[in-house]
Amino acid sequence: RDSSTFYLYWTSLHWSLTQFTPASMHVQPQNKVERIFAVLVVVFALVVFSYLVGSITGSLTQLRSMQENASKQFTNLRRYLRQQKVAPL
């Protein structure tokens, strides 16, 4: 087993990343190259997942803002019609 400082660093980085991501460590990398690849895949997945969550959040915020704007316009229209004493149909 390769126990160099470099390998131990990548092993600990891999372990720490899997603690707060949906990734797991059930399949153990067997050497330095596999460990680095596993870490890079987890980091890539973390970035993509974060981007996806951010995009969905931004879209929902924009949708909520548009709905709020339409509601305000409708409220202003009702107020105007009431002030002008326009009878409802």
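Biologist: Is W10 buried or exposed?

Modeller: Buried means under 20% relative accessible area, exposed means over 50%, and partly exposed is in between, using a 1.4 Å probe and protein chains only. W10 has a relative accessible area of 16%, so it is buried. This is a predicted model, in which local features need pLDDT of at least 70 and side-chain atom pairs count only at pLDDT 80 or more, while totals for chains, interfaces and linings use all residues. Residues are numbered from 1 along each chain as its sequence is written, and side-chain values use heavy atoms, without hydrogens and water.

Biologist: How many aromatic pairs does a search of the whole structure find?

Modeller: Rings of Phe, Tyr and Trp (its six-membered ring) pair if their centres lie within 6.5 Å; planes under 30 degrees apart are stacked, over 60 edge-to-face, and the rest tilted. The search of the whole structure gives two such pairs. In one of them, Y9 and W10 are edge-to-face, at 5.8 Å centre to centre and 85° between the planes. Y9 is partly exposed, at 48% relative accessibility. Ring pairs join F6, Y9 and W10 in a cluster.

Biologist: At what angle do α1 and α2 pack?

Modeller: Helices are DSSP runs (H or I, at least four residues), numbered from the N terminus. Axes are lines fitted to C-alpha atoms, for helices over the stretch in contact, and angles run from 0 to 180 degrees between N-to-C directions. Helix α1 (residues 5–19) packs with α2 at about 30°, the axes being 9 Å apart. Angles under 35 degrees count as roughly parallel, over 145 as roughly antiparallel, 65 to 115 as roughly perpendicular, and the rest as oblique. The two helices, α1 and α2, are therefore roughly parallel.

Biologist: Which residues in α1 meet α2?

Modeller: Contact means heavy atoms within 4.5 Å. F6, Y7, W10, T11, L13, H14 and L17 in α1 meet residues in α2 including K32, R35 and I36.

Biologist: What is the phi of K85?

Modeller: Most residues other than glycine have a negative phi. K85 is not a glycine, yet its phi is positive, about 60°. K85 lies in the segment after α2 and is exposed, with a relative accessible area of 73%.
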